[in-house]
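Here is a brisk first tour for a reader new to this structure.

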Amino acid sequence: MRFDVLTLFPQMFAGYLSHSLLAKAIEKRLVDVQLHDIRDWAKGKHNKVDDRPFGGGPGMVMMVEPVVECVEAIRPLAEPPGRLIQLTPQGRRLDQSIVEELSGEERLILLCGRYEGFDERVSEILQPDAISVGDYVLNGGEVAAMVIVDAVIRHVPGVLGDEESSKQDSFSGEQRHLEWAQYTRPREYRGHVVPDVLMSGNHEQIAAWRAEQGRLRTEARERGEMKNEE
Ligand code: ADE
C-alpha cells in the first residue's frame, strides 16, 4: 500500500517512519510512504505558501495554487491515482470502520494543512475526503496523517506478524468491545496480584473471564461517555 503525504513539514515524519512496525513494513515493501514538500510548488522568489485571509481576521490561510499543483503533480507518480484525504478538524471523524475502509485502498494521498486551514477552493477543485482525528484542533494535519498511517497499516496483510491479530484489535470486526485486562510477569507487584484464573491453565475459564472483562470495560467506557455528554 502506498501513502503520499503532502506537507509543509516533511521532517516531522522522519522519526516516525524509521521505527517499529512501520519501518519493518517499509523494509518488507508492504508499505511505501512518500513525503512531498508543498513548498516545492510555491510560486515567486519568497516561496510563499500562506497568506492573510480575505475579509480580515487572525492567522494565515494556505494558498490554493501550491496545494492544487502539488496534488496534480503527485497523482501521476504512481498507479492508481489514489484516494485524496484532507486532514482537517472539519472532516468526518475517524473511527475503526473508516480505518478498515481506507485499508482497502491501494493508495492514499494525505494532505496536511497548517495555519488556519486551506483556501476553500482547494476543496472545490480537488474534492478530497475530509477526515478529522477527533474534536480538537491540532497545530496541523501531520500528526493526524500519522494516526491514519498507523491505524491503516495494521490491516495491510503481512504487516502484523500474525495476520489474524488486527482482527482481534478492540473495535475490529463485529464485536466492537474493548480489550480485557492483560498481565505478564511478575505475578505479584507491590501487593497487586494477577487474577488466579489466568494462572489456572483452564482455557475455557480464561476465555470466559476475558469476555466478561471486555464487556465490563466497554460498559464502563460507555457510562463515562454519557457522563461527558451531560
Ligand atoms: N488538523 C488540525 N486539527 C485536526 C484534527 N483534529 N484532525 C485532522 N486534522 C487536523
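## The sheet and its strands

Five strands make up an open sheet, ordered E2-E1-E6-E5-E7, and their pairing is parallel. Two of them sit at the edges: strand E2 (32-37) and strand E7 (129-132). Each of these edge strands pairs on one side only. On average, neighbouring strands of the sheet are turned by 30° against each other, direction ignored. The model is a predicted one.

Take one pair as an example. Strand E1 (residues 2-7) runs beside strand E6 (residues 107-112), and the two pair in the parallel sense over five bridges. Within this pair, Val5 stands opposite Leu110 in E6. As a general point, strands of a sheet pair through backbone hydrogen bonds, either parallel or antiparallel.

## Helices on the sheet

Helix H3 (residues 64-74) packs on the sheet. H3 touches E1, E2, strand E5 (83-93) and E6. The direction of H3 makes about 160° with that of E1.

Helix H6 also meets the strands. H6 lies across E1, E5, E6 and E7. Its run is at about 160° to E6.

H6 has a helix partner too. Helix H4 (residues 96-103) packs with helix H6 (residues 142-153) at an angle of about 75°. Their axes are 9 Å apart. Angles of 65 to 115 degrees count as roughly perpendicular, and H4 and H6 are therefore roughly perpendicular to each other. Which residues make the contact? From H4 come Val99, Leu102 and Ser103. From H6 come Ile148, Ala151 and Val152. By class, this contact of H4 with H6 has five nonpolar residues, one polar residue and no charged residues.

## Around the ligand

There are 13 residues around the ligand. Those that come nearest are Thr88, Val133, Gly134, Tyr136 and Leu138.

| Residue | Protein side | Ligand side | Distance |
|---|---|---|---|
| Val133 | polar backbone atom | nitrogen atom | 3.0 Å |
| Gly134 | backbone N or O atom | nitrogen atom | 3.1 Å |
| Tyr136 | backbone N or O atom | nitrogen atom | 2.8 Å |

## Backbone details

Most residues other than glycine have a negative phi, and most peptide bonds are trans. Some spots in this model depart from that pattern.

Is the peptide bond from Glu79 to Pro80 cis or trans? The bond is cis, with omega near -10°. Pro80 is found in the loop between H3 and E5. The peptide bond from Arg185 to Pro186 is cis as well, with omega near 5°. Pro186 lies in the loop between H6 and strand E8 (188-189).

Ser20 has a positive phi, near 60°, and is a residue other than glycine. Ser20 belongs to helix H2 (residues 20-27).

## A link across the chain

Lys28 has its place in the loop between H2 and E2. What does the side chain of Lys28 reach? It reaches the backbone oxygen of Gly158, at 3.2 Å. Lys28 and Gly158 are 130 residues apart along the chain. Their C-alpha atoms are separated by 9.0 Å.

Key: Residues are numbered from 1 along each chain as its sequence is written. This is a predicted model: local features need pLDDT of at least 70, side-chain atom pairs count only at pLDDT 80 or more; totals for chains, interfaces and linings use all residues. Side-chain values use heavy atoms; hydrogens and water are left out. Axes are lines fitted to C-alpha atoms, for helices over the stretch in contact, and angles run from 0 to 180 degrees between N-to-C directions. Helices (H or I, at least four residues) and strands (E, at least two) are DSSP runs, numbered from the N terminus. Angles under 35 degrees count as roughly parallel, over 145 as roughly antiparallel, 65 to 115 as roughly perpendicular and the rest as oblique. Contact means heavy atoms within 4.5 Å. Ala, Val, Leu, Ile, Met, Phe, Trp, Tyr, Cys and Pro count as nonpolar, Asp, Glu, Lys and Arg as charged, and the others, Gly among them, as polar. Two strands pair if DSSP finds at least two bridges between them. A residue is near a molecule or strand if one of its heavy atoms lies within 4 Å of it. A polar contact is a pair of N or O atoms within 3.5 Å; within protein, one must be able to donate a hydrogen and the other to accept it, and residues adjacent in sequence count only if both atoms are side-chain atoms.
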